[in-house]
Amino acid sequence: MYTKRDHTKLICDVGEITALFHDTLSMEEFLQKITVMITRHMECEVCSIYLYYADEHELVLKATKGLNPDSVNKVRMKIGEGLTGLALKEKRPICEGQAKNSPNFRFFQGIGEEKFESFLAVPILRGSVEIGVMVIQSMKKDYFSAEDIQVFRAITVQLAATIETARLLITLNDKKEKPPKPLLQDLKFIKGRCGSEGVALATTMVVNESLTDMQQYKVDGGKQYSEADLHRAFEETERQLAGLQVKLEAALPDMTALIFTAQILMLKDKGFTDSIFSLIRGGANSPQAIVEVVHDYVLKFSRIEDSYLREKIYDVKDVGRRLLENLIGHSKAQHDYHDKIVIAKELFPSDALKLFSQKIKGIILLSGGATSHVAILARSLNIPLVVCDELSLLSLDPATEVLLDASMGFVYISPDQFVKTQIFQREDLNHNISGLKKMTQEHPKTGDGVAVKFMANINLLGDLKAANEFKADGVGLYRTEFPFMIRSNFPSEEEQYLIYRRLVEGMPGKEITLRTLDIGGDKILSYSDYGKEENPFLGLRSIRLSFKHLDVFVAQLRAILRSGAGRRIRILFPMISSMDEFLQAKSVVQECAHQLKAEGKEFIKNPKLGIMVELPSIVEIIDEMAREADFFSIGTNDFIQYMLAVDRTNDRVAQLYLPYHPSVLRALKKVVDACGKHGKEVSVCGDMANDPKYLSLLLGLGLRCFSMDARYLPRMHERLGQLFIPECEKLTQEVLAQSQISRVTQILERVHS
Ligand code: PEP
Ligand code: MG
């Protein structure tokens, strides 16, 4: 706990207040957290926040630490009423050594103020705009000094904007009588979780089965179309699809855009076209014929048990819709997600790529977690994504404007101008690239001069630009699976080689870590034959799949080895659960090297081979593993999920997904110590590496190397400069001594408040 003379620390650190937002479910809870933080820092018993509502000319108690919590929302006063009201009226601090003796003191029944003597109220203002009043109280008489008044005033100034936003949000959702479940039209604001940061303002479009339903097309039965019309529609559809393909290729070179190939193929499929034309010749109207044939294909596809067909159904419906629209001149494609915020119950990474090609503005995902791969991909694609479980959003009127403040996990329905301006202004500040660049340095160091390596995670080649701009110290993780996910077949060795070569050339001179295929879990290959699994995260995922499809593994390793000729590359194996698996992977690399040598091809001779620490089974044999492998990368996203048995994509258990669980931290310590003992590099490449909250803990564990999505580099560089290793070590020791999550939470709250 800070001593009184340390009060100024709060002023400097209060920028971290936004961190409180992240784990907070409601604004009321957020305000409550502020009061707790302030009582701790000001070393007093009470802190209360009153918000001012101009319409009612009233100050309302909204949060309190120390007074009767039942008084919240009940204690109301007019401006000028009591000491609190006076502070707002006169726009100045009111400090009383024995408040009850003041003529302005007003006693509120049941609030529990009787035992408190000293009182300090400071108005919360933005310019001359009245936001509320913050009050602190102590049982001791004459407790608050002139310095306390200064400090408390400064804190209030710093918090004013945040509290104003909280008041705005509370007002938006405040109902006199809340129905148990708000009706959609009443929803103004929804609090979800951030999947990919950013802000988007647009109307929405729901992706679900009903939307892919052809029946929604109101075909005018009376109007007749000639065969020539139908041919024209086919041509136009093909032209559109080819155009989309080209656009996508430019945006995502590593995808070499095979997304629309399947659809073009379908359009050219004789079976498909013949069926349509033969129905017409049998008397059916053209639009009806299209609907019927598409319907027939969907039925056929859905009868076959193969995940491959999930994609095909989507494709055939998409083609059918496009064809129909081109035929009947339907109002601009109903499936055109261009400039829309997409609302989806479920989305796979390949869907996200398809949507991206249509230049969507944002995504609201009604299932999935913040570390799910669709969220990871959305970050690379710079698409703001919020995860929330408000299913009623599925019936949102498409004309409704929605504002996604994804960084905060907020969804505003029909926001007013004030909200829009506030959020966009903040976002402009955040996106000041030159400012962000200045936050990064070539060889980052802690406040006490200890060098730390900050590398980039690359999901798509497009990420390289930001990684270079923000001075990444190499690539700590290239997720090779993304180019695999969008194709309709395993990419060939040559195709992979071209992609990996572009990657390696994208950061000349720096070390590039390529992880072998990590398919499975929530990353599904439509063309793989492994079928549906009950527990895909525990199934044929990752290295297991590579061993099963040895030909695919070999092609990938050969492509990687070739791309590394004359370069500094490392190979990383995901989901390793035993020494045996690592040795097996190693032997496949050796076999590939022999082959390439025999073929006279150029390749990297002795690349470093590393292990992803994602499974708890590694921890107990880490000493032996550290002797064997060249480097380690801790994938906290999976490590936490497997250690704690908490699905990383399941929002319902998100509160149990705790990076700072004592078992997680102690296990990480074992890994770091073993690597230190054997002189092997160990880094963290899961999302824990990009959260400033955990940097001191991780440094304290001895970690000096991190890899993260490039967009997070500036904030982590900045945080690093504020930290001192001895303090980090002290913190980590204190945390490692705890066995209860609640104790760790308290310690971290203390440090971050
Ligand atoms: C991880 O598990 O932390 C990791 C980096 O791998 P991925 O997120 O791709 O599963
Ligand atoms: Mg992983």
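Guide: Start at ligand 1: one of its oxygen atoms sits 2.7 Å from an N or O atom in the side chain of arginine 479. Keep in mind that this is a predicted model.

Visitor: Which polar backbone atom lies 2.8 Å from an oxygen atom of ligand 1?
Guide: One belonging to asparagine 637. Glutamate 614 also takes part, through its side chain: a polar atom there is 3.1 Å from a ligand 1 oxygen.

Visitor: How much of ligand 1 does the protein bury?
Guide: 100% of the 290 Å² that ligand 1 exposes when taken alone.

Visitor: Which elements give two or more residues to that shell?
Guide: Helix H12 (373-380), strand E16 (475-479) and helix H22 (636-644). H22 gives the most, with 3 residues.

Visitor: And which residues come nearest?
Guide: Arg479, Arg515, Gly635, Asn637 and Arg648, out of 17 around ligand 1.

Visitor: How does the shell divide by residue type?
Guide: Into 8 charged, 5 polar and 4 nonpolar residues.

Visitor: Switching to the metal. What are the protein donors of the magnesium ion?
Guide: Glu614, through OE, and Asp638, through OD. They lie 2.0 Å from the ion, which is ligand 2.

Visitor: Where do those two sit in the chain?
Guide: Glutamate 614 is in the loop between strand E19 (608-613) and helix H21 (622-628), while aspartate 638 is in helix H22. So the pair ties together parts that are 24 residues apart in sequence.

Visitor: Is glutamate 614 buried or exposed?
Guide: Buried, because its relative accessibility is 2%, and the cut-off for buried is under 20%. Aspartate 638 is buried as well, with a relative accessible area of 2%.

Visitor: New topic. Which residues of helix H25 are buried?
Guide: In H25 (residues 713-721), they are Leu713, Pro714, Met716, His717, Arg719 and Leu720.

Visitor: What covers them?
Guide: The cover on H25 includes helices H14 (433-439), H15 (463-469), H24 (692-701) and H27 (741-752). Strands E15 (453-458) and E22 (705-709) are also part of that cover.

Visitor: Zoom out. How many helices and strands does the chain have?
Guide: 27 helices and 22 strands. The chain has 753 residues, and 57% of them count as buried.

Visitor: Last one. What does the accessible surface come to?
Guide: About 31000 Å² for the chain, with 52% belonging to carbon and sulfur atoms.

Note on methods: Residues numbered from 1 in each chain as written. Chains lettered and ligands numbered in written order. Predicted model: local features only at pLDDT ≥ 70, side-chain atom pairs only at ≥ 80, totals over all residues. Heavy atoms only, no water. Near = heavy atom within 4 Å. Polar contact = N/O pair within 3.5 Å; in protein donor to acceptor, adjacent residues only side chain to side chain. Areas by Shrake-Rupley, 256 points an atom, 1.4 Å probe, with all protein chains shown as cover. Helix = DSSP H or I, 4+ residues; strand = E, 2+ residues; numbered from the N terminus. Nonpolar A, V, L, I, M, F, W, Y, C, P; charged D, E, K, R; others polar. Donors = N, O, S within 2.8 Å, 3.2 Å for Na, K, Ca; no water. Buried < 20%, exposed > 50% of the residue type's maximum accessible area, 1.4 Å probe, protein only. Contact = heavy atoms within 4.5 Å.
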